[in-house]
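Have a look at the sequence and the model first, and then read on.

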Amino acid sequence: MRQRSIRKLRKLSIVGECAGFLSALLLFLPAIAHAAGGKPATKVYNVADTRAMSSGISKLIADLYNGNSVIFGLVVVGVMAGLGLILGYAMDLLIKRVGIDLSRLEHHE
Amino acid sequence: MDFFTIYLPIAGIEFNVLLLLLIGATVGVCGGFFGIGGAWIVTPALNIFGFPMPYAIGTDLAHMGGKSIVSTIRHGKFGNVDVRLAVSMILGTTVGMELGARLVMYLERIGLAESVIRKIYILFLLLIGSYVLFDYISHVRYQRTMSASGRDAKPKRHTLAQRLQRVNIPPMINFKASGIQCSLWLPVLVGFTTGVVASVLGVGGGFIRMPALIYLIGCPTLVAVGTDLFEVMITGAYGAFTYGVKGRVDLLAAIWMLFGAAIGAQLGTIAVKYVRGYSIRLLFAVTIFIACASVLLKQLKLQLPSAILIITAGIVISSVIILLLVRGVLRERAARSGSGVSLGRGSSG
């Protein structure tokens, strides 16, 4: 009986110690973290300032940028590829109109 | 000039549209002519005029993707793009770039990244530039000797590329557009090596890949230019996405630059039609030496002179390319009208 009660007491004291340690941790952790200081966190993602914009392409781009980063990344690729294709074909037509022969290329090293 | 100034909401600065068009056009001409991305011109140019460096890199990569499409379409129509070869190289390049990135992280950990990489870059540019220039000079001498002796100038035998092409490790592939047959492992290995080097040096890789395609794989100069542009297009698209997700692309600036670059790229690409392969190599060597000088100035902490040198050189080189184009077009027209006259005489006679 006596041994059992001693074991119970030991268990209780271990649980009490753990609880005390956890509550101390909860109490002092913010203070410790704050005291650790170090460099201020750098900005991971910037925000475009749209306050002065009412409408137009700049506002559209800025809103897109502030919205979702993955969608913005996809839009960048899509716009660049699409515009590249359109401009490529438009320039082709323009150059042909100027009278440059684009049909053949003789290779000379 | 205020009329041309626009507010770029993402970079958070005001910028002149004409300047964006000029930068785009300059790099477009050089890119279309040499088959390079042109980050070495755009990044310092944007940075010197007020773009924060991460935005300068991201915006450059974004416009590079679009610009390379313009040049690749034109080179493709000329038959200068070997898609099979480009895809084989991309396989190696991707793995190489990943390995290179890990090597850079290791160098960063031991605190050697900045100084070591810049020194290796200078050495590398010097070596490539010197080799291309040496090749040009020996080619000219060879041609002169042959014409003096009255014989036809046959191509030199047993170049390094020809020796590498003979290495028989299956599968052997026929690269039609390049007119070569070699083991698939050759372009994969060359792509891997250039990928490692490009990743370690933090450059797009055009400066390294273009000569590698000529001297290690044995591509004709124009096919090397076109095939390299195909690769630049892929890396540019990937760079645009990854920098876009990280919020470091000013889309408005990239669009304006792309307008200038589309015109420049088309002119630069058409100019190759009127220039011999070895003349492209000579101009390429000069360009490499200028890029090397600018990196050297950066190493000496002379940021401003370095950027000025790059911008001036870019404008001068693209002007030379446009002059070559104009001269070529005029000659072509004169030849066409000459043949038309002779045809007319023939029919009347």
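The paragraphs below go from how to read the model to its chains, their contact and its confidence.

This is a predicted model, in which local features need pLDDT of at least 70 and side-chain atom pairs count only at pLDDT 80 or more, while totals for chains, interfaces and linings use all residues. Residues are numbered from 1 along each chain as its sequence is written, and chains are lettered from A and ligands numbered from 1 in the order in which they are written.

Let's begin with chain A. It has 3 helices and 0 strands; helices (H or I, at least four residues) and strands (E, at least two) are DSSP runs, numbered from the N terminus. Of the 109 residues in chain A, 15% are buried. A residue is called buried if 20 or more other C-beta atoms lie within 10 Å of its own, with C-beta atoms placed from the backbone.

Now see how chain A meets chain B. Here 33 residues of chain A are in contact with 40 residues of chain B, where contact means that the C-beta atoms of two residues, placed from the backbone, lie within 7 Å. On the chain A side, helix H3 (69-98) gives the most, with 16 residues. That side divides into 21 nonpolar, 9 polar and 3 charged residues. In this count Ala, Val, Leu, Ile, Met, Phe, Trp, Tyr, Cys and Pro are nonpolar, Asp, Glu, Lys and Arg are charged, and the others, Gly among them, are polar.

Which residues does A:Val76 touch? Among them are B:Ala62, B:Ala240 and B:Phe241. A:Val76 and B:Ala240 also have the most contacts inside the largest nonpolar core, which has 119 residues. Such a core is a set of buried Ala, Val, Leu, Ile, Met, Phe, Trp, Tyr and Cys residues joined through C-beta atoms within 7 Å.

In chain B, follow helix H4 (residues 83-109), whose 27 residues reach 38 Å from first C-alpha to last, close to the 39 Å expected at 1.5 Å a residue. That expected span is 1.5 Å times one less than the number of residues. Buried residues in H4(B) include B:Leu85, B:Gly92 and B:Gly100, and their cover includes helix H9 (221-245) of chain B.

Finally, consider confidence. Chain B has a mean pLDDT of 85, and 93% of its residues reach 70 or more; pLDDT is the predictor's confidence in each residue, from 0 to 100. Over residues 342-349 of chain B the pLDDT is below 50. Where pLDDT is low, the predicted coordinates should not be read in detail.

Note on methods
A residue is buried if 20 or more other C-beta atoms lie within 10 Å of its own, exposed if 12 or fewer, and partly exposed in between; C-beta atoms are placed from the backbone. Lists of a residue's contacts leave out its neighbours within four places in sequence.
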